[in-house]
Amino acid sequence: MCLGLPMTIVETDDITALCEYRNEQRRVSVMLLYCVPVGARVLVHIDTAVRLLDEDEARLISEALDGVDASANGQDCGPFFADLVGREPQLPKHLR
């Protein structure tokens, strides 16, 4: 399974960027994005920044990844998916 990580741009030359997520740093391509500033949050998939994220979306992705990790380690993952508890699944806007 491939996952995208919500990473923060630490430095960039507009072709690549040094990005950070928790204790990991990696150099990724930013060629799919236009003028991404230092401090921006981006979704990184296979060492490529594929889109900008706002802080709320980056936080939700981080919490979901924490939930997957908790579940894989036999822990309760409910607190990480609080936004989904008690409601029916919904289609994304582009599929409605």
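## Salt bridges and cysteines in a predicted model

Arg 41 is a buried residue, its relative accessible area being 17%. Across the protein the mean pLDDT is 90, and 99% of the residues reach 70 or more. Among the elements, strand β2 (residues 16-21) has the highest mean pLDDT, 98, while α1 has the lowest, 90.

**Salt bridges**

The structure contains eight salt bridges. One of them joins Arg 41 to Glu 55, with the closest N and O atoms 3.3 Å apart. Because Arg 41 belongs to strand β4 (residues 41-45) and Glu 55 to helix α1 (residues 55-72), this pair ties together parts that are 14 residues apart in sequence. The two partners fall into separate accessibility classes: Arg 41 is buried at 17%, whereas Glu 55 is partly exposed at 49% relative accessibility.

The side chains of Arg 27 and Glu 11 meet in a salt bridge with an N to O distance of 2.9 Å. Arg 27 is located in strand β3 (residues 24-29) and Glu 11 in strand β1 (residues 5-12), so the bridge ties together parts that are 16 residues apart in sequence. Arg 27 is partly exposed, at a relative accessible area of 41%, and Glu 11 is likewise partly exposed, at 39%.

Glu 63 and Arg 59 form a salt bridge through their side chains, at 3.3 Å from N to O. These residues are four apart in helix α1, so about one helical turn separates them. Glu 63 has a relative accessible area of 27% and is partly exposed; Arg 59, at 40%, is partly exposed too.

| Residue with carboxyl group | Arginine | N to O distance |
|---|---|---|
| Glu 11 | Arg 27 | 2.9 Å |
| Glu 55 | Arg 41 | 3.3 Å |
| Glu 63 | Arg 59 | 3.3 Å |

Which residues are linked in a network of salt bridges? The network comprises Glu 24, Arg 26 and Asp 47.

Leaving aside residues up to four places away in sequence, Ser 62 touches Pro 6, Tyr 21, Arg 22 and Arg 41. Among these contacts, Arg 41 is the residue that also forms the salt bridge with Glu 55.

**Cysteines**

How many disulfides does the structure hold? The number is zero. A disulfide is a covalent bond between the sulfur atoms of two cysteines. For Cys 19, the closest cysteine sulfur is that of Cys 35, and the separation of 15 Å is too far for a bond. The cut-off for a disulfide is a pair of sulfur atoms within 2.5 Å. Cys 35 is accordingly in no disulfide, the nearest cysteine sulfur being that of Cys 19 at 15 Å.

The two cysteines also contrast in accessibility. Cys 19 counts as buried, with 0% relative accessibility, whereas Cys 35 counts as exposed, with 52%.

Terms used: Residues are numbered from 1 along each chain as its sequence is written. This is a predicted model: local features need pLDDT of at least 70, side-chain atom pairs count only at pLDDT 80 or more; totals for chains, interfaces and linings use all residues. Side-chain values use heavy atoms; hydrogens and water are left out. A salt bridge is a side-chain nitrogen of Lys or Arg within 4 Å of a carboxyl oxygen of Asp or Glu. Helices (H or I, at least four residues) and strands (E, at least two) are DSSP runs, numbered from the N terminus. Buried means under 20% relative accessible area, exposed over 50%, partly exposed in between (1.4 Å probe, protein chains only). Contact means heavy atoms within 4.5 Å. pLDDT is the predictor's confidence in each residue, from 0 to 100.
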